[in-house]
Each structure stands twice: as C-alpha cells, then as structure tokens.
Amino acid sequence: MSQAITRRAGLGLAALLCALAPLSLALGPAGAETGGPEISFEIPEPGSVPPTLGAEAFERIYEVVSHPRCANCHVGEDNRPMWSGPSYGAPRPHGMNITAGESRIGAETLLCSTCHRTNGDFDTDPHAPPRAGLDWRLPPVEFQWFDRSAAQVCAQLSDPERTGGRDWVELARHLTEDAGHRGFVLWGWNPGGGREPAPYSLQTHVEDILTWGAAGMPCPES
C-alpha cells in the first residue's frame with residue numbers, strides 16, 4: 001500500500017506521511033464499481049504531522065474550497081448559487097432569478113434538476129448547464145464557503161456540528177465516496193464546458209485534508 005501511495009501522490013505528500021509516522025487505518029480506492037477515479041491512501045496517526053505542515057496543507061485546502069468551482073454552490077441562507085470566476089467578471093447570483101429554497105434542491109421554485117441533469121459525463125458544451133453523477137443540489141447552509149475567510153472555513157471544517165458529524169477522517173472519506181459516484185467533488189476538477197477547474201488535484205486535496213487533520217487541524221488567525 002505504501003508504495004502505491006507514493007506513486008499516486010501528485011506532490012509527494014503521501015511519501016512524506018509514510019516517513020513521518022506509522023499508518024493506522026487504510027481507506028481503499030473509491031470508484032471501483034461506479035466509474036470514478038481510484039483514490040487510495042492511508043490515514044496518519046493523529047499528532048504525527050508537524051503543525052507547520054498542517055498549516056501549509058490548509059492553505060491549499062482553502063485555495064480549493066474558495067475557488068469558484070466549489071464556493072459558487074457553497075452559499076449561505078439566501079439559497080442562491082453564484083456565478084463567479086475568470087469568465088464572469090464581478091461575482092453575481094445565478095441567472096434566471098434562481099433560488100434553491102430551504103430544500104436546497106429548488107423544490108419551492110424550480111428544481112435544480114430541471115436544467116442540471118444527473119449524468120456522470122461531465123463533458124458539456126460551453127455555457128451548457130453542468131451536470132454530475134448525483135442529483136444536483138446545494139450543500140447544507142452550514143457548509144457555506146462563498147465569501148468566507150480562511151479562518152471561518154477552518155473553524156467550520158474543524159467543527160463536526162457543521163460538517164454533518166464528520167471529523168477529518170470522515171471528511172476525506174466523504175470526498176472519495178462522492179468521487180466514486182462521479183459527484184460534485186469530482187466535477188470540481190473536471191467541470192467541462194471550458195470552465196476553470198479547481199486547483200491542484202482531488203488526490204492532493206484528500207491528502208491535504210489528512211495532513212491537516214493529523215497535525216491537529218491548525219487554523220489561521222484570519
């Protein structure tokens with residue numbers, strides 16, 4: 001397993017984790033039965049990663065979650081997805097006066113699935129509604145990332161009451177499970193339609209979550 005992790009790690013983080021400490025629980029590859037990518041890694045012992053490396057990992061985590069591919073749907077209580085990124089100029093709410101409502105799927109107004117089809121083929125035409133292998137919806141309001149600082153996001157990800165009861169290991173597991181269904185997590189790095197993907201890679205993002213968690217989940221001050 002360790003050799004496989006070393007080969008797969010885009011930035012060599014897995015090799016670093018193997019050298020730092022014994023590895024405890026292994027999470028196997030995601031997507032073996034659903035067509036998603038194989039993401040294989042092992043979980044480092046808590047406290048085995050220096051806080052400085054954990055802080056560096058969180059900087060990359062924040063780059064990912066604050067990117068338009070992630071943050072545009074991780075919105076707050078107004079339930080309005082955003083349009084932002086290099087091709088949009090100033091950020092603005094989703095066109096057509098779209099609101100996902102408290103249901104976060106548009107049940108009160110217009111279902112997200114009216115335009116956003118459930119389809120694991122991400123390769124859409126430019127400006128066509130993106131699609132994913134899971135039913136399109138906004139994440140829970142507790143997962144707001146849009147217009148949130150690194151400190152605010154870090155505090156949220158550190159709090160199981162705001163992550164659906166997930167600790168750092170379960171956050172990593174959530175990423176791999178979603179990707180195994182060719183869901184929104186995987187779409188963020190393969191958005192189709194000429195859209196800019198999230199930075200780094202899903203493999204690196206999962207490893208950064210584990211690095212940050214094993215380091216004690218250090219958070220920036222602002």
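**Figure 1. Overall fold of the predicted model.** Residues 24 or more positions apart supply 61% of the contacts in the protein that have a separation of 6 or more. The model is predicted. The protein contains 8 helices and 4 strands. Read from the N terminus, the order of elements is α-α-β-β-α-α-β-β-α-α-α-α. The protein has 222 residues, and 45% of them count as buried.

**Figure 2. The largest nonpolar core.** This core holds 43 residues. Those with the most contacts inside the core are F58, I61, L157, L202, V206, L210 and W212. Two or more residues each come from β2 (41-44), α3 (51-65), α4 (68-71), α5, α6, α7 (184-187) and α8.

**Figure 3. Surroundings of F58.** F58 is among the residues with the most contacts inside the largest nonpolar core. Leaving aside residues up to four places away in sequence, F58 touches A150, V153, C154, L157, W212, P218 and P220. Two of these partners, L157 and W212, are also listed among the residues with the most contacts in the core.

**Figure 4. Packing of α6 against α8.** Helix α6 spans residues 168-180 and helix α8 spans residues 202-214. Their axes lie 8 Å apart, and the packing angle is about 170°. An angle over 145 degrees counts as roughly antiparallel, and α6 and α8 are therefore roughly antiparallel to each other. The crossing of α6 past α8 is left-handed. From α6, the contact uses W168, L171, A172, L175, T176 and A179. From α8, the contact uses L202, H205, V206, I209, L210, G213 and A214. By class, this contact of α6 with α8 comprises 10 nonpolar residues, 3 polar residues and no charged residues.

**Figure 5. Packing of α3 against α8.** The axes of α3 and α8 come within 8 Å. They cross at roughly 140°. The crossing of α3 past α8 is left-handed. On α3, the contact residues are L53, G54, A57, F58, R60, I61, V64 and V65. On α8, they are H205, D208, I209, T211 and W212. The contact of α3 with α8 divides into 8 nonpolar, 3 polar and 2 charged residues.

Figure 6. Y200 sits in the loop between α7 and α8. Its phi is positive, about 65°, although Y200 is not a glycine. The relative accessibility of Y200 is 39%. Y200 therefore counts as partly exposed.

**Figure 7. M217, a residue with positive phi after α8.** M217 belongs to the segment after α8. Phi of M217 is near 55°, a positive value in a residue other than glycine. Relative accessibility is 24% for M217. M217 therefore counts as partly exposed.

**Figure 8. P140 and V75.** P140 lies in the loop between β4 (89-93) and α5 (150-157). P140 is partly exposed, with a relative accessible area of 43%. P140 and V75 are 65 residues apart along the chain. Their C-alpha atoms are separated by 8.5 Å.

Technical notes
Residues numbered from 1 in each chain as written. Predicted model: local features only at pLDDT ≥ 70, side-chain atom pairs only at ≥ 80, totals over all residues. Heavy atoms only, no water. Axes fitted to C-alpha atoms, helices over the stretch in contact; angles between N-to-C directions. Parallel < 35°, antiparallel > 145°, perpendicular 65-115°, else oblique. Left-handed = near helix turned anticlockwise from the far one by under 90°. Contact = heavy atoms within 4.5 Å. Nonpolar A, V, L, I, M, F, W, Y, C, P; charged D, E, K, R; others polar. Buried < 20%, exposed > 50% of the residue type's maximum accessible area, 1.4 Å probe, protein only. Core = buried A, V, L, I, M, F, W, Y, C linked by side-chain atoms within 4.5 Å.
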